[in-house]
Amino acid sequence: MTDAPDVDREWWKEAVVYQVYPRSFNDSDGDGIGDIPGIVEKVDYLDELGVDVVWLNPVYESPMADNGYDIADYQSIHPEFGTMDDWERLLQELHDRDMRLIMDLVVNHTSDEHEWFVNSREGDEQYDDYYHWQQGDAEDDAPNNWSSFFGGSAWSYDDERGEYYLHLFDEKQPDLNWRNEDVRDEVFEMMNWWLEKGIDGFRMDVVNLISKTEGLPDGAEVGGLTGEEHFVDGPNIEQYFEEMYERTLEGRDVMTVGEMINVDADRATEYVGEEGFSMLIHFEHMGVDTGDGGKWTLADLDLGELKRIITDWQETLAEEGWNCLYLSNHDQPRAVSRFGDDGEYRRESAKMLATFLFTLQGTPFVFQGQEIGMTNADWDRQEIRDVEAENHVDIALDEWADSYEDVRPQIEARSRDNARTPMQWSADENAGFSEGDPWIKVNERHDEINVEAAHEDAESVWHFYRELIDLREDRDIFVYGDYELLLPDHSEVFAYRRTLGDEELLVVCNFFEGEPELDLSEFAGDREADLLVGNYDADDENLAEPIRLRPYEARVYDLS
Ligand code: TEU
């Protein structure tokens, strides 16, 4: 890194995170399911790409109702993924290459097969209120009107205990009762157990849902998710976070990434910074193509809204706190299909989005396959694997759709399965992911889009990611530079300036297929503009004259 003036350095600010979805990354034993030894085989690949941190989605013992976000034992590895020895080996292999590992912490809920829930359901006194149990009639009389994130009521009736239990996600994911001190003790003990194994931090699943209003009252029925005022940022949330910090994280140099529902930048400032989370995964920019609806509402990208949200987060967290930057993950469709063009301009738009991701202030998160520009897939009904998508189809058929064909466009544009198709390593059968039958379909486009082909092609999306990762590592301004939005009203181009000391970068990203003319003279003055990186050949370094951008063109000029 260059020597920068007065910045508040942290290793996790300078890092690039790579998200591994183990089930779909690399299958070493031919059972069709990706596994930890498979990841170990690819550690050199990650090293070559240049990433610094691996975030591993859940690999714990689980009945897999929600692909591992339903945990039956926090301290053991699910056999499909391998053994604890395999996991130790992975940690070692990463550390040997100066990479770090952060684990997924899912403590809003467990699986209904976790022994705590099994005991609680049987009426064992010690576990009696580890979960949220409430009386109610078995027939259609849930204790309150809260809705589940996966559709329908957030309550299910348990015949054995003769009561309802709360689940904000699937019925196989009962919510833990954080009011119970024993629950908190157990969670903190488990976290320390992992930290002592030498992990480098946690990504914490839906962590601002852990506190619920006492008595679990009805929520206002105003559309959206009913009850959220009682379970998002609930009354004791700050106390729980403080306790968690004091009892597990304090004094450890770890990275903590809180996934938070409905958090805005203002609220985020209360959660990040010293003694808080390193950064938060928020959802605001995941709504820029849903109009006034939720995730299944298909609308055009609203660039103005994207600028507003990104700028708000950049500015609000500039002084204190830090941004987590992402365009896709295991819960979202593929970025290039969603925000770019996965047809004619796949390569250009994937590179434009990469430029955008790597030139904002914050820590970029790359989701497996993003670095080769993987795309969404087609989904016949029987090919769907995700519980959220299954529920959506069932509810749609029940309420408004005549047949699956009516719902298909929503599933193909938004289903989480799009992110979960196997990593495309080569043009071989099953994209080189597995020698068995993959648990989920392989994207047909693997013959064209795969790591092997990307390696060989100097102009590939993969090499572009390599270049951006290098640049960011070389120049502090990418990491620590201040952000300032330019051309706020431009309808096609997202432009901004980054400054650090005497250094200055100008970034322009064309988010559409048009070819807008752009006058950057007022920002460049009479300075020489050095084109540092771009996704097309360009030689106009004289910004005194207007430039014309090509479809999805991105340029980063160095004005220093
Ligand atoms: O996701 C939280 C979350 O809000 C998502 O379920 C989101 O509503 C949905 O995916 C949008 O399509 C986390 C995990 O990332 C997700 O994989 C889990 O299913 C969920 O929590 C429950 O643990």
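Is aspartate 98 buried or exposed?

## Aspartate 98

Aspartate 98 is exposed, because its relative accessible area is 68% and the cut-off for exposed is over 50%. The model discussed here is a predicted one. In this model, aspartate 98 belongs to the loop that runs between helix 4 (84–96) and strand 5 (100–105).

The backbone of aspartate 98 has a phi near 60 degrees, which is a positive value in a residue other than glycine. Most residues other than glycine have a negative phi.

## Tyrosine 552

Tyrosine 552 is found in a loop, placed between strand 19 (547–548) and strand 20 (554–558).

Tyrosine 552 has a relative accessible area of 7% and is therefore buried, the cut-off for buried being under 20%. Aspartate 98, by contrast, is exposed.

## The ligand site

Where does the ligand sit? The ligand sits in the largest pocket. Around the ligand there are 18 residues, and the closest are Asp66, His109, Asp205, Lys295 and Asp331. By class, the residues of this shell divide into nine charged, six nonpolar and three polar.

For aspartate 205, a polar side-chain atom lies 2.8 Å from an oxygen atom of the ligand. For histidine 330, the distance from a polar side-chain atom to a ligand oxygen atom is 2.9 Å. For arginine 203, the corresponding distance to an oxygen atom of the ligand is 3.0 Å. On its own the ligand has 490 Å² of accessible area, and the protein covers 95% of it.

## Serine 148

Serine 148 lies in the loop between strand 6 (133–134) and strand 7 (155–158). With a relative accessible area of 4%, serine 148 is buried.

What does the side chain of serine 148 reach? The side chain of serine 148 reaches the backbone nitrogen of phenylalanine 150, at 2.9 Å.

## Valine 336

Valine 336 is part of helix 11, which covers residues 335–339. Why does valine 336 count as buried? Valine 336 counts as buried because its relative accessibility is 4%, and buried means under 20%.

Valine 336 and leucine 353 are 17 residues apart along the chain, and their C-alpha atoms are separated by 7.5 Å.

Note on methods:
Residues numbered from 1 in each chain as written. Predicted model: local features only at pLDDT ≥ 70, side-chain atom pairs only at ≥ 80, totals over all residues. Heavy atoms only, no water. Near = heavy atom within 4 Å. Polar contact = N/O pair within 3.5 Å; in protein donor to acceptor, adjacent residues only side chain to side chain. Areas by Shrake-Rupley, 256 points an atom, 1.4 Å probe, with all protein chains shown as cover. 1 Å grid on protein atoms, 1.4 Å probe; cavity = no way out; pocket = protein on both sides within 12 Å on 5 of 7 lines; lining within 4 Å. Sits in = over half its atoms within 2 Å of the grid points. Nonpolar A, V, L, I, M, F, W, Y, C, P; charged D, E, K, R; others polar. Helix = DSSP H or I, 4+ residues; strand = E, 2+ residues; numbered from the N terminus. Buried < 20%, exposed > 50% of the residue type's maximum accessible area, 1.4 Å probe, protein only.
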